[in-house]
Amino acid sequence: MSERAVDPEEVRHVADLARVDLDDEEVSRFAEQFADILASFEQLDEVREVEAEPDLANVMRADEVEESLDRAEALRNAPETEDGYFKGPRVS
Amino acid sequence: MSHNAYITEETVEGADEGPLAGRTVAVKDNISTEGVRTTCGSAMLADYVPPYDATVVERLLDAGATIPGKTNMDEFGMGTTTETSAFGPTENPAAPGRVPGGSSGGSAAAVAAGEADLALGSDTGGSIRCPAAFCGVVGIKPTYGLVSRYGLVAYANSLEQIGPIAPTVEAAAELLEVIAGPDDRDATTRDARENGTDYEFAAAADGDVDGLDVGVPTDLVDGADEGVVETFRDALDDLESRGAEIHEVEIPSVCHAVEAYYVIAMGEASSNLARFDGVRYGVSGGFEGNWNESFARAREEGFGEEVKRRILLGTYALSAGYHDKYYKKAQDARACIKQEFDEALSEADVLASPTMSVPPMEMGESLSDPMTMYLADANTTPVNLANLPAISVPAGETEDGLPVGMQLVGPAFGEKAIIRAGSALA
């Protein structure tokens with residue numbers, strides 16, 4: 001089905017943006033599959049523009065202090081914590 | 001008991017009394033249950049134990065339901081067969097050797113096999129209706145905003161709703177009554193009473209279709225599998241013999257629904273799943289190198305292939321230079337589809353089509369080619385794009401004995417219309 005493959009470097013670039021490491025096999029498989037999938041997305045070019053009336057509304061509430069999770073509960077699922085804080089990797 | 005319908009079998013008892021007292025309601029594993037692990041079918045969350053209940057879970061327990069466990073699902077809801085689960089596939093109890101549909105395949109299989117009286121699923125592009133159709137049970141995808149999503153682990157917020165799966169339309173409607181209604185913790189919920197209706201869903205399951213105007217969108221029937229269409233037509237004849245009026249309608253833009261759905265869903269997923277960085281929960285990426293390297297390792301290890309594929313495609317479709325080409329066009333298609341549904345529903349009470357254009361696939365058949373799997377969602381995705389309610393009810397079986405579902409779509413907050421129409425069949 002695939003007429004062409006996406007450039008594997010492009011797959012690596014997007015994976016980098018999305019912060020997902022991929023092995024070489026995944027890169028080549030995705031490069032092939034993305035060609036088909038993106039080709040189908042391009043059919044959206046045929047869609048006419050309509051005057052959409054968005055039925056969106058801002059929903060506001062008063063900013064009041066309410067009960068919330070205590071610190072121990074909030075930290076319960078963290079792989080590592082230190083002194084009551086989440087422990088994250090170095091920034092750089 | 002070997003369908004692998006559950007990821008976790010752990011009983012949570014509800015209140016002593018209430019409309020669901022004495023009944024078991026299985027809960028899809030992307031709906032948070034306090035103290036009971038909630039994996040989303042992902043290795044990323046294999047050990048995640050939520051510190052709070054989803055609003056729908058609170059309502060179930062208040063209504064007296066017993067939760068027998070958390071059901072299997074495609075990883076983060078991303079799949080049509082329940083085969084992308086990190087906890088192994090679920091088998092279809094109604095069609096041995098075949099998939100139960102997805103992504104709420106565990107929920108539908110549990111109900112079909114009698115391992116739960118009722119179940120909750122979530123539907124982003126058909127994930128309640130597809131497994132209901134494939135397993136020969138009933139599933140409802142409510143109007144966007146009818147049911148709170150608080151505590152539902154997000155995949156694509158603008159599309160998804162939690163809804164019931166049950167052996168009969170009446171039982172599904174009873175469960176919907178319990179979970180529906182506004183919630184301060186989900187600002188997208190709306191009160192049915194302020195939208196021209198009420199919550200008396202079960203009472204609408206009276207099977208009375210005399211004079212009901214049923215539109216059949218030809219675009220959703222042409223191209224479907226022959227055996228599916230035949231079974232669907234027989235069920236339509238059944239409705240007609242009970243006094244329903246059947247006529248054809250056109251919704252031409254649905255031919256772009258699958259593409260529009262996947263661009264929007266993947267775009268939202270790429271943003272939603274950014275939270276899984278292995279720091280607050282999930283698989284840790286360790287502390288070597290900088291944070292980007294650590295996050296990328298955590299996500300490589302924790303996410304399965306379909307999830308990576310969708311995150312990458314979503315990131316791509318939203319990235320500089322491609323946003324207008326893909327995402328904006330998909331939003332145009334969404335508006336177009338919505339408008340055409342509204343027009344079709346101005347000439348009909350409900351719209352009927354096959355829920356799935358194909359019968360349940362054999363296990364392992366569709367995993368290798370993602371595009372084929374995406375195209376299977378042709379009839380269900382348009383409804384999510386249009387924010388409308390839809391039900392899948394058993395329409396019968398193909399000559400090979402495979403279950404076929406009929407999808408009935410109603411206007412926004414028209415749950416009672418689709419429940420009434422569906423109850424004539426199941």
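Mentor: Contact means heavy atoms within 4.5 Å. This is a predicted model, in which local features need pLDDT of at least 70, side-chain atom pairs count only at pLDDT 80 or more, and totals for chains, interfaces and linings use all residues. Residues are numbered from 1 along each chain as its sequence is written, chains are lettered from A and ligands numbered from 1 in the order in which they are written, and side-chain values use heavy atoms, leaving out hydrogens and water.

Trainee: What does helix α4 of chain B lie across?

Mentor: Helix α4(B), residues 169–179, lies across β2, β4, β5, β6 and β10 of chain B. Helices (H or I, at least four residues) and strands (E, at least two) are DSSP runs, numbered from the N terminus. Helix α4(B) runs at about 145° to β6(B). Such angles run from 0 to 180 degrees between N-to-C directions, with axes fitted to C-alpha atoms, for helices over the stretch in contact. Helix α9(B), residues 323–346, packs on the sheet too, touching β8, β9 and β11 of chain B. Its direction makes about 115° with that of β9(B).

Trainee: How do you know that β5 and β10 of chain B pair?

Mentor: Two strands pair if DSSP finds at least two bridges between them. β5(B) and β10(B) have 3 bridges, so they count as paired, in the antiparallel sense. Within this pair, B:G139 stands opposite B:S392.

Trainee: What makes β1 and β8 of chain B edge strands?

Mentor: The open sheet has 11 strands, with β1 and β8 at the two ends of its order and mixed pairing. Each of these two has a single partner strand, so one side is left without a neighbour in the sheet.

Trainee: Why is the pair B:K325 and A:E42 called a salt bridge?

Mentor: A salt bridge needs a side-chain nitrogen of Lys or Arg within 4 Å of a carboxyl oxygen of Asp or Glu. B:K325 and A:E42 meet at 3.8 Å, N to O, so the pair qualifies. B:E305 and A:R29 meet at 2.7 Å, so that pair qualifies as well. This second pair crosses from helix α8 of chain B to helix α2 of chain A.

Trainee: How many residues of chain A and chain B are in contact?

Mentor: 48 residues of chain A are in contact with 56 residues of chain B. The area buried between them is about 4800 Å². Buried area is the accessible area (1.4 Å probe) that two parts lose on being put together, summed over both. Carbon and sulfur atoms give 64% of it. A:F41, A:L44 and A:N77 supply 14% of the area that chain A buries against chain B, more than any other three residues.

Trainee: What makes the peptide bond between B:G102 and B:S103 stand out?

Mentor: This bond is cis, with omega about 10°. B:S103 sits in the loop between β3 and α2 of chain B. Most peptide bonds are trans.
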